[in-house]
Structure formats: C-alpha cells, structure tokens
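The following report describes a predicted protein model, strand by strand and then site by site. Please keep the sequence and the coordinates at hand while reading.

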Amino acid sequence: MRNTLKATTLESKFPLLSVENDVIVSKDADVTVAFRVELPELYTVTSTEYEAIHSAWVKAMKVLPDYSIVHKQDIFIRESYKPDTDREDISFLSRSFERHFNERPFLNHTCYLFLTKTTKERSRTQSNFNSLCRGFIVPKEIKDREAVVKFIEAVGQFASIMNESGFVKLHRLTTDEIVGTVGQAGIVEKYFSLSQTDTTMLKDMSLGADEMRIGDNILCLHTLSDVEDLPGNVMTDIRYEKLSTDRSDCRLSFASPVGLLLGCSHILNQYVFLDDNEEILRTLERTSRNMNSLSRYSRSNAVNREWIEEYLNEAHANGWRSVRCHVNVVAWAESDAELKRVRNEVGAQIALMGCTPHHNTVDVPVLFWAGIPGNEGDFPAEESFTTFLEPAVCFFALETCGRDSASPFGIRLVDRLTGGSG
C-alpha cells in the first residue's frame with residue numbers, strides 16, 4: 001500500500017545557515033550570540049538581592065538596539081543520580097553518603113541566554129509564515145554589516161553589566177559548543193533530543209494537528225501570551241511558605257513554581273522583544289484618539305482609552321521602555337496517562353504564581369521551532385503582549401539548585417522542594 005503521509009527531512013526545514021566566529025546566523029539573516037548562564041543558588045538570595053538581580057537584567061537590556069530579542073531558556077531534565085564511589089581517596093563516610101543518593105531522582109538544571117538581532121519585518125512575523133510552514137527558505141546576505149558590528153558591541157556591554165552584578169555569570173558559547181564535535185553534542189542537537197547529555201541521538205519528530213512528538217515523548221505546552229493572564233501585581237520574588245516561619249522568611253523567585261518547584265522534565269522559555277519604543281508610543285497615541293472618537297458609541301471604548309492613557313502616562317513619567325513579552329513551558333511524557341498528569345501539574349504551578357494557565361494546542365510546533373537556539377526571529381508575533389522592561393523581566397530572576405545540580409547537595413534541595421524522601 002502506498003504511503004500517503006507527508007514527511008520531510010529536518011535539513012530541508014532547518015532555519016540556521018551557519019555559525020561564524022561564535023555567532024549563529026539564520027537563513028533569514030538574524031544573528032545570535034549564545035551564553036551559558038550561572039544563576040545564584042537556591043535559598044541564598046534575599047528579597048533585596050532579587051531586586052538587584054532584576055535591576056541588572058533591566059540595565060543590561062537597555063544597551064541593546066531596537067529589534068533585538070532576549071531569550072532565556074531554562075532546561076530541567078529529570079534524571080537519576082549516579083554516585084562517584086570509584087575514587088581511591090574517598091572515605092567510608094563519603095562513600096556511604098554517595099550510595100545513599102544512588103538512583104535518587106533530581107532535576108538537572110541548565111540555563112542558556114540567546115541575544116538575537118533581527119529586523120522590523122521579521123519582528124512582525126505571524127505563525128503562518130514561520131520557517132517551519134514555508135515551502136522553502138531563501139538564504140540572503142547580511143547587508144547592514146555596521147548594524148551587526150554595533151549589535152556585537154552591545155552584547156559585550158550586556159555581558160559586562162550582568163557579570164559585574166555579582167549574582168549572574170554569562171559564559172559565551174563557542175562554535176564547538178553550539179554545533180558540537182565528534183565526542184560532544186552541541187546545544188542545537190541537545191535541544192532537538194530533549195536532553196543535555198553529550199551522547200544525544202536525534203529522534204524522529206511528528207508534528208500533528210493534535211499533538212507533537214519527539215521520539216517516544218509527547219509534548220504539551222502552556223503559554224503566557226496575554227497580559228490578562230498575569231496577576232495584577234508582578235513581583236521579583238515570593239514567600240515560600242513550606243520553609244518559612246513566623247520568625248524567618250524563605251524567599252524564592254517569582255518564576256520558581258515553573259522552575260525547580262515543577263518536578264517533571266520541562267523547558268521554561270522567556271522572551272523579551274525590544275521593538276522601536278517611539279513607534280509603539282505613537283501607535284498607542286493614535287489608538288487612544290480613535291477610542292476617544294468612538295467612546296460615544298460604546299462605553300468599552302471609553303474604558304479602553306482610559307487604560308491606554310494610563311499606560312502612556314506611566315511610560316512618559318517613568319521613562320519606561322515598551323517591550324513585548326512571552327513565557328511558555330514545554331513539558332513532555334512518554335504516555336498519554338503520564339502526559340495528563342504532567343499537564344495538570346504544569347497548570348497548577350502556573351496558577352500558584354497568580355497567572356492564568358493556558359494550555360496551547362495550536363502553536364506547539366511553531367513555538368518549539370522558535371525555541372531553537374538562533375531561531376528566535378521566527379517567533380510568532382501574535383503570541384506576545386506589550387508591557388514595560390520591569391514586569392517583563394520578573395521571570396528572569398530564577399535560581400538554580402546548587403553549584404552542581406547533579407551533586408547530592410543539589411538532590412537534597414530538590415527532594416525538599418518536590419516532597420521526596422531522604
């Protein structure tokens with residue numbers, strides 16, 4: 001019987017052109033610089049320090065030019081601990097300590113940051129014109145080399161600001177770390193295999209109308225793509241009640257419920273799109289005047305005008321920059337029953353932040369495709385919402401589970417958070 005399934009190769013749809021001088025170049029002429037990020041350890045950050053981390057992100061983003069994209073990608077892979085007991089100098093107590101955590105499940109956390117320079121036209125791309133949906137991609141030359149040089153200089157300033165903050169360290173990835181070598185997998189290969197090991201193997205991808213599969217894993221995706229999904233007040237940190245008392249206050253980041261507190265394997269993607277601020281304000285001014293003219297026909301138009309005017313007043317009074325923001329959580333499981341449990345768990349954790357969880361079943365392939373390192377310019381514009389640099393960056397102040405998340409110390413922290421034993 002003839003196979004009528006529409007199949008294609010990854011190479012024919014692959015959106016990246018090359019990696020030159022440690023810079024990722026897409027087939028649409030976007031350029032991306034990648035970093036590995038070291039975050040502060042869990043339970044070591046105070047509320048004041050969370051504010052300082054937040055301020056550092058805000059200051060760093062101010063140096064980037066218009067039509068830049070800041071993409072922070074936190075990858076949490078559920079693994080089993082493998083003790084290191086083969087060393088000759090290990091003591092009896094240390095060996096017993098290692099053996100106690102043998103096969104103990106934990107979340108292995110890896111954080112990346114991607115800074116992308118795109119264009120005005122690309123920033124307005126809709127999901128139906130994503131590179132995954134186009135029949136072909138035509139490579140084109142990067143015409144404005146001066147703009148690229150200025151962007152690379154701004155990236156250097158961005159990294160300096162973050163490194164000097166004392167809380168977050170950025171390590172720029174090399175070409176080999178991006179594309180991989182014979183014995184080491186690159187970050188692109190790791191992303192497609194939903195793994196962070198150096199022995200990853202590419203898996204078949206199934207992009208269906210009702211679900212997306214990578215190998216044996218079924219993906220589910222929750223998005224925060226509407227300002228109405230957020231709580232009334234967004235903060236940098238929250239009180240963790242389980243480890244707080246009347247005399248002590250344990251603080252965790254605002255996004256911790258979808259970070260280490262989410263016990264399944266998942267990817268947390270956070271995007272900030274830096275468009276032309278003056279153009280956005282001019283557009284809002286025109287919209288406000290139109291709403292004023294139409295307010296006599298509908299009370300809702302008058303209400304919308306008041307909201308826009310309040311937004312414009314705050315923007316001018318505080319000197320805030322208007323940006324677009326998007327957050328999504330990609331989780332996966334190997335069976336439908338397990339996926340249902342994971343989907344409910346993700347939704348519950350998003351609700352803990354005071355946000356409205358939205359289970360996205362339409363744009364899963366498109367949003368996963370936009371999460372490819374270096375393909376941030378393919379992000380569908382309709383999945384983002386306009387807000388200011390402070391609310392947008394509240395999700396960035398995340399923490400990690402110790403200096404080495406694969407250590408027993410890291411496992412004990414995850415056990416305490418997720419309710420494990422030991």
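In strand E13, Ser322, Arg324, His326, Asn328, Val330 and Trp332 point one way, while Val323, Cys325, Val327, Val329, Ala331 and Ala333 point the other way, and all are buried. Buried here means under 20% relative accessible area, exposed means over 50%, and partly exposed is the range in between, computed with a 1.4 Å probe on protein chains only. In a regular strand the side chains alternate between the two faces of the sheet. E13 spans residues 322-333 and is mostly covered, with 12 of its 12 residues buried. Helices (H or I, at least four residues) and strands (E, at least two) are DSSP runs numbered from the N terminus.

The model is predicted, and local features need pLDDT of at least 70, side-chain atom pairs count only at pLDDT 80 or more, and totals for chains, interfaces and linings use all residues. Residues are numbered from 1 along each chain as its sequence is written, and side-chain values use heavy atoms, with hydrogens and water left out.

| Partner of E13 | Sense | Bridges |
|---|---|---|
| E9 (residues 217-224) | antiparallel | 7 bridges |
| E12 | antiparallel | 8 bridges |
| E15 | antiparallel | 4 bridges |

Individual residue pairs illustrate these pairings. Leu219 stands opposite Trp332 of E13, Val272 has Cys325 in E13 as its bridge partner, and Val323 is bridged to Thr387 in E15.

Within E12, which covers residues 266-274, lies His266, a residue that is buried with a relative accessible area of 0%. A polar atom of the His266 side chain lies 2.9 Å from the backbone oxygen of Val258, and the side chain of His266 also reaches the backbone oxygen of Gly259 at 3.4 Å. A polar contact is a pair of N or O atoms within 3.5 Å; within protein, one must be able to donate a hydrogen and the other to accept it, and residues adjacent in sequence count only if both atoms are side-chain atoms. Leaving aside residues up to four places away in sequence, His266 touches Asp74, Ile75, Phe76, Val258, Gly259, Val329, Val330, Ala331 and Trp332, where contact means heavy atoms within 4.5 Å.

The largest pocket holds about 1200 Å³ of space. Of the 33 residues that line this pocket, Val227, Tyr311, Phe385, Thr386 and Thr387 are the closest to its centre. The elements giving two or more residues to the lining are helix H4 (120-123), helix H8 (277-294), helix H9 (299-318), strand E15 (385-388) and helix H12 (389-392), and the largest share, 6 residues, comes from H9. A pocket is, on a 1 Å grid over the protein atoms alone, an open set of points where a 1.4 Å probe fits, with protein on both sides within 12 Å along at least five of seven lines, and lining residues have an atom within 4 Å of a point. Grid points are joined across faces, edges and corners, and the volume is the space filled by probe spheres set on the points. By class, the lining has 15 nonpolar, 8 polar and 10 charged residues; Ala, Val, Leu, Ile, Met, Phe, Trp, Tyr, Cys and Pro count as nonpolar, Asp, Glu, Lys and Arg as charged, and the others, Gly among them, as polar.

Helix H9 also contains Val303, which counts as partly exposed at 32% relative accessibility. The C-alpha atoms of Val303 and Met291 are 8.8 Å apart in space, the two residues being 12 residues apart in sequence.

Gly374 is found in the loop between helix H11 (364-370) and E15, and Gly374 is buried, with a relative accessible area of 0%. Its C-alpha atom is separated by 10.0 Å from that of Ser18, 356 residues apart along the chain. Not counting residues up to four places away in sequence, Gly374 touches Leu16, Ile24, Ser26 and Thr32.

The loop between strand E1 (16-20) and strand E2 (23-26) holds Asn21, and Asp22 is found in the loop between E1 and E2 as well. Most residues other than glycine have a negative phi. Asn21, however, has a positive phi near 55°, and Asp22 has a positive phi of about 65°. Asn21 is exposed at 72% relative accessible area, whereas Asp22 is partly exposed at 25%.

Over the whole protein, the secondary structure comes to 13 helices and 15 strands, and buried residues make up 51% of the 422 residues. Of the contacts with a separation of 6 or more, 79% are between residues 24 or more positions apart.

Note on methods. Pairing = 2+ DSSP bridges.
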